[in-house]
Amino acid sequence: MFLLLLGISGSGLVFLKEIDQAVHAELLTVKPAGKRLPLDSFYLKITRSHPNIKGIAWLNPVAAPDRAYEFRLYQNDGKISTYDLGMVSMNPYTGRVLRDGNLKDFNTGFMHWLIQFHWSFQLGLPGLLMAAIFGITMLISILTGLIIYRKYIWKVLTFRVGIRWKNRNTIASGLHRVVGVWTLAFNLIIFFTGFWMNMFAFDYQYWQKQTIPCPANTLAKQSLEGLLNQAYQKLPALIPQSVYLPAQPGSDFKVTGTLKDQSPLFQGGNSVSFDAVNGQLTAIKMFSEKSLWDKTEATFFPLHTGNFGGVPVKILYVLIGLLPGLLSITGFMLWWRKIKL
């Protein structure tokens with residue numbers, strides 16, 4: 001059941017931005033009116049209305065002129081039963097708040113509620129841990145299935161073994177074998193990357209930190225608009241995908257993205273960081289200079305979400321993303337048949 005829910009929610013999230021924009025088109029479409037406000041204006045407004053947050057991620061720093069700015073809020077209410085993500089949408093020309101809320105509620109839209117459901121089943125840290133564990137069980141299931149059906153792999157790939165539509169048992173068996181073989185590589189990638197990104201759920205210290213409510217904000221002393229301009233100067237070829245705005249000590253102002261003519265698959269591989277207190281450059285990280293493992297890890301999020309390609313890639317992700325749910329159903333039917341026997 002949980003694998004089925006993960007598959008359905010994951011497929012729905014492939015077109016998250018497109019669906020959210022279409023459903024809330026009237027709300028999130030703005031009228032360009034002169035120059036956009038500096039980043040500091042949005043930062044101050046958000047931190048005043050949310051006085052106890054860990055940080056803010058600006059999700060669309062290259063938004064079209066008629067699109068609202070989207071900000072993700074990282075919060076902590078001290079309860080492990082809630083996963084404290086929030087969001088704010090704002091008019092970039094007037095600073096007016098268009099929507100504001102938590103991802104555990106529906107007031108920011110169903111698609112954003114679905115993000116948190118996919119990560120944690122809306123059950124907080126226990127749900128996050130469950131999602132990671134189910135990722136492991138699916139990986140084990142794939143590997144054991146590879147052993148069980150090893151003699152059929154080449155036959156299925158060369159269309160020498162099909163599905164017998166005789167009855168529901170032969171249909172379930174055939175679908176499980178054929179779908180499992182054809183989606184083997186995809187399922188390994190999806191569930192391994194999902195498990196890896198949720199692996200912090202096994203960190204006991206992380207759980208302890210989540211029991212301590214976030215203190216009052218400590219605001220950046222430097223101009224964030226100025227730091228953003230410096231980031232562009234340090235990496236002129238950078239196309240930003242997200243900008244992190246710290247609201248607590250110990251975190252840097254950070255711009256992350258791809259470089260011109262670089263594949264979107266490496267969108268998290270380049271970044272520029274500054275100390276928000278004194279404005280000093282703290283790090284410039286380039287994908288080309290990373291170790292082999294770090295380069296591989298930088299591709300995990302795009303590979304998991306399918307946002308590295310155009311519409312054809314996303315459609316493929318939607319369709320194939322539903323198949324683990326089908327495998328969970330056919331696998332249950334095969335298990336139930338054996339139990340009855």
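**View 1. Gly-78 and its neighbours in the predicted model.** Gly-78 touches Gln-210, Thr-211, Ile-212 and Pro-213, where residues up to four places away in sequence are not counted and contact means heavy atoms within 4.5 Å. Gly-78 lies in the loop between β2 and β3 (85–90), and here helices (H or I, at least four residues) and strands (E, at least two) are DSSP runs, numbered from the N terminus. Between the C-alpha atoms of Gly-78 and Pro-61, which are 17 residues apart along the chain, there is a separation of 30 Å. This is a predicted model, in which local features need pLDDT of at least 70 and side-chain atom pairs count only at pLDDT 80 or more, while totals for chains, interfaces and linings use all residues. Residues are numbered from 1 along each chain as its sequence is written, and side-chain values use heavy atoms, with hydrogens and water left out.

**View 2. The buried side of helix α11.** Helix α11 spans residues 224–234, and its buried residues are Leu-224, Leu-227, Leu-228 and Ala-231. These residues cover an arc of only 105° around the axis, which puts them on the same side of α11; the arc is that of the directions from the helix axis to the C-beta atoms. Buried means under 20% relative accessible area, exposed over 50%, and partly exposed in between (1.4 Å probe, protein chains only). The cover over the buried residues of α11 includes α4 (39–49), β1 (53–58), β5 (238–246), β6 (253–259) and β7 (270–274).

**View 3. Strand β1 and its two partners.** Of the 6 residues of β1, 5 are buried, so this strand is largely enclosed by the rest of the structure. Strand β1 pairs with strand β2 (residues 69–75) in the antiparallel sense over 5 bridges, where two strands pair if DSSP finds at least two bridges between them. Gly-55 stands opposite Tyr-74 in β2. With β5, the pairing of β1 is also antiparallel, over 4 bridges, and Leu-245 in β5 is the bridge partner of Ile-56.

**View 4. The second largest pocket.** The second largest pocket holds about 790 Å³ of space. Of the 29 residues that line this pocket, Ser-141, Gly-145, Tyr-149, His-176 and Gly-331 are the closest to its centre. On a 1 Å grid over the protein atoms alone, a pocket is an open set of points with protein on both sides within 12 Å along at least five of seven lines, and lining residues have an atom within 4 Å of a point. Grid points are joined across faces, edges and corners, and a volume is the space filled by probe spheres set on the points. Helices α6 (124–148), α8 (168–182), α9 (184–197) and α15 (323–340) each supply at least two residues of the lining, and α15 gives the most, with 9 residues.

**View 5. Two residues with positive phi.** Phe-121, in the loop between α5 (110–120) and α6, has a phi near 55°, a positive value in a residue other than glycine. Phe-121 is buried, with a relative accessible area of 6%. Asp-261, in the loop between β6 and β7, has a phi near 70°, and Asp-261 is exposed, with a relative accessible area of 86%. Most residues other than glycine have a negative phi.

Note on methods:
1 Å grid on protein atoms, 1.4 Å probe; cavity = no way out; pocket = protein on both sides within 12 Å on 5 of 7 lines; lining within 4 Å.
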